[in-house]
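Open the structure in your viewer and keep the sequence panel beside it. This tour tells you what to select at each stop.

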Amino acid sequence: CTGNGICKCRVCECFPNFTGSACDCSLDTSPCMASNGQICNGRGTCECGTCNCTDPKFQGPTCEMCQTCLGVCAEHKDCVQCRAFEKGEKKETCSQECMHFNMTRVESRDKLPQPGQPDPLSHCKEKDVDDCWFYFTYSVNSNGEANVHVVE
């Protein structure tokens, strides 16, 4: 009974908060809680402590990552610009507003993380305040940590 119940006559009697023939399904929904306080971001169901995203655009441990939605790049553009290049609209407030991600500098675009890694990944190409293009990726790992890789 995977340590979550007692076997009686070859049938598992599960402890509270566990279900399934082998008591291997947790009824705890806390791992499914999204940052907005909703179970699976309101875009999925919590099954055995894991989100099953019902909206195909959304993925990730709490159905909060959307590769095709507009906004991931635009939303983080100003913070990446001030952290990487010390310029842009958030230059003065960078240390207060833009510390919510880990940042790694890479030498060239081919050194950016590529699709196919376990964490959902967005590739971004944005213009800076000087009308120059800059490139970065944005991903969130299973611990909910945001990671940005930016081309120097």
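In which loop does Phe15 sit? Select Phe15 and look at the strands on either side. Phe15 lies in the loop between strand E2 (11–14) and strand E3 (18–19). Bear in mind that you are looking at a predicted model.

**Stop 1: around Phe15**

Keep Phe15 selected and show its side chain. Phe15 is partly exposed, because its relative accessible area is 37%. Now bring up its contacts. Setting aside neighbours within four places in sequence, Phe15 touches Gly3, Asn4, Gly5 and Ile6.

Pro120 and Phe15 are 105 residues apart along the chain, and their C-alpha atoms are separated by 35 Å.

**Stop 2: the two domains**

Colour residues 5–65 as domain 1 and residues 67–151 as domain 2. Then compare their centres. Taken over C-alpha atoms, the centres of domain 1 and domain 2 are separated by 31 Å.

**Stop 3: Glu13 and Lys8**

Select Glu13 and Lys8. Their side chains meet in a salt bridge, with 3.3 Å from N to O. Side chains of opposite charge can pair when their charged atoms come close.

**Stop 4: the loop between E4 and E5**

Select Cys40. Cys40 is in the loop between strand E4 (25–26) and strand E5 (44–47). Check the backbone angle here. Cys40 is not a glycine, yet it has a positive phi of about 50°. Cys40 counts as buried, because its relative accessibility is 0%.

Move on to Asn41. Asn41 also lies in the loop between E4 and E5. With a relative accessible area of 10%, Asn41 is buried, since buried means under 20%.

**Stop 5: the largest nonpolar core**

Which residues touch the most other members of the largest nonpolar core? Select Val80, Phe101, Phe136, Tyr138 and Val148. They hold that place in a core of 18 residues. The elements giving two or more residues to this core are H1, E11 and strand E12 (146–151). H1 gives the most, with 6 residues.

Leaving out neighbours within four places in sequence, they are Val72, His76, Pro120, Leu121, Ser122, Ala146, Asn147 and Val148.

Cys40 is the buried residue from Stop 4.

**Stop 6**

Select E10 and E11. How do these two strands pair, parallel or antiparallel? E10 and E11 pair in the antiparallel sense, over 7 bridges. Pick Glu126 and look across. Its bridge partner in E11 is Phe134.

Now step into the turn. The hairpin formed by E10 and E11 has 5 residues between the strands. In that turn, Asp131 has a positive phi of about 65°.

**Stop 6: salt bridges at the hairpin**

Asp131 is exposed, at 53% relative accessibility. Lys127 is partly exposed, with a relative accessible area of 30%.

Finish with Lys87 and Asp130. Their side chains meet in a salt bridge, with 2.6 Å from N to O. This pair links distant parts of the chain, 43 residues apart. Lys87 is in the loop between helix H1 (72–85) and helix H2 (94–97). Asp130 is in the loop between strand E10 (121–127) and strand E11 (133–140). Lys87 is partly exposed, with a relative accessible area of 23%. Asp130 is also partly exposed, at 45%.

Definitions and conventions
Residues are numbered from 1 along each chain as its sequence is written. This is a predicted model: local features need pLDDT of at least 70, side-chain atom pairs count only at pLDDT 80 or more; totals for chains, interfaces and linings use all residues. Side-chain values use heavy atoms; hydrogens and water are left out. A salt bridge is a side-chain nitrogen of Lys or Arg within 4 Å of a carboxyl oxygen of Asp or Glu. Helices (H or I, at least four residues) and strands (E, at least two) are DSSP runs, numbered from the N terminus. Buried means under 20% relative accessible area, exposed over 50%, partly exposed in between (1.4 Å probe, protein chains only). Contact means heavy atoms within 4.5 Å. Domain bounds come from an automatic or database domain assignment. Two strands pair if DSSP finds at least two bridges between them. A nonpolar core is a set of buried Ala, Val, Leu, Ile, Met, Phe, Trp, Tyr and Cys residues joined through side-chain atoms within 4.5 Å.
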